[in-house]
Amino acid sequence: MQTNIRPRRDDDLPGCVAALRIVQRQDAYPLVWPADPVGWLCPKGVLDAWVCTAEDEVVGQLLLRDGGDLELRDTVAGAAGLPADRLASVSRLFVAPRARGTGLAARLIDTAVAAAAEQGRRCALDVLDARWGGPTALYERLGWRRVATTSASWWSGPDAERPVVHSYLAPDRTSIHA
């Protein structure tokens, strides 16, 4: 399968929603289907957005945000030794089932980490615990470090079912390339 990663355009949003619907049905991501999927794909604080296409069909996407969405932003910033405004968050990452196993998620993540580094930022993210379907193993395989754990503040269900969220910090690109 030949794939291409490029900046997301507005006309990609219907394809993103279609791919996200397939991902949600198979993997329960997002955990709760949003009432406004396009709005969910276009939250506040987006710095950059990319899609991955195969045969002109959107099969994945990732957002780079300003870090304001991180559950434990100050804790993560402290672990990075940076002011909170120097963080960027990886968000809304998904790859359609038909395109998995091709390295697309890692390529999308690498694209975001490189873009953040060019902006003088370091990437972080919040991911659900593996018991809730979160891909923690992917981030750990890519060298991301877990720096904090908390309960999801956005959860509106019963407290007894509140998902566990782990905060991860990307490898520091500045020290790698210094």
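The following paragraphs lead the reader through the structure, from the whole chain to single residues.

The model is predicted: local features need pLDDT of at least 70, side-chain atom pairs count only at pLDDT 80 or more, and totals for chains, interfaces and linings use all residues. Residues are numbered from 1 along each chain as its sequence is written, and side-chain values use heavy atoms, with hydrogens and water left out.

The protein chain contains six helices and seven strands; helices (H or I, at least four residues) and strands (E, at least two) are DSSP runs, numbered from the N terminus. Read from the N terminus, the order of elements is β-α-α-β-β-α-β-α-β-α-β-β-α. The radius of gyration is 16 Å, close to the 16 Å that the globule rule gives for 178 residues, so the protein chain is as compact as a globular protein of that length. This radius is taken over C-alpha atoms, and the globule rule is 2.2 Å times the number of residues to the power 0.38. Along its principal axes, the C-alpha trace spans about 45 × 40 × 30 Å. Of the 178 residues, 46% count as buried, where buried means under 20% relative accessible area, exposed over 50%, and partly exposed in between (1.4 Å probe, protein chains only).

The seven strands form an open sheet with mixed pairing, in the order S1-S2-S3-S4-S5-S7-S6. Two strands pair if DSSP finds at least two bridges between them. Strand S1 (3–7) and strand S6 (145–151) stand at the edges with a single partner strand each, so one side of each has no neighbour in the sheet. From one strand to the next, the twist averages 25 degrees.

How many bridges join S2 to S3? There are eight, and the two strands run antiparallel. Their hairpin has two residues between the strands, and Glu 55 there takes a positive phi near 55 degrees. Ala 54 has Glu 57 in S3 as its bridge partner. On to the next pair: S3 (residues 57–65) and S4 (residues 87–95) are antiparallel over five bridges. Here Gly 60 has Val 95 in S4 as its bridge partner, and Leu 63 stands opposite Ser 91 in S4. Eight of the nine residues of S3 are buried, so this strand is largely enclosed by the rest of the structure.

Helix H4 (residues 104–118) lies across S1, S2, S3, S4 and strand S5 (122–128), running at about 30 degrees to S3. Axes are lines fitted to C-alpha atoms, for helices over the stretch in contact, and angles run from 0 to 180 degrees between N-to-C directions; contact means heavy atoms within 4.5 Å. Among the buried residues of H4 are Leu 104, Leu 108, Ile 109 and Val 113. After H4 comes Gly 120, whose phi is positive, near 75 degrees.

Two single residues complete the tour. Is Ser 167 buried or exposed? At 1% relative accessibility, Ser 167 counts as buried. Ser 167 belongs to strand S7 (residues 164–169), and, not counting residues up to four places away in sequence, Ser 167 touches several residues, including Leu 72, Leu 125 and Val 147. Asp 36, by contrast, is partly exposed, with a relative accessible area of 46%. Asp 36 lies in the loop between helix H1 (13–27) and helix H2 (37–41).
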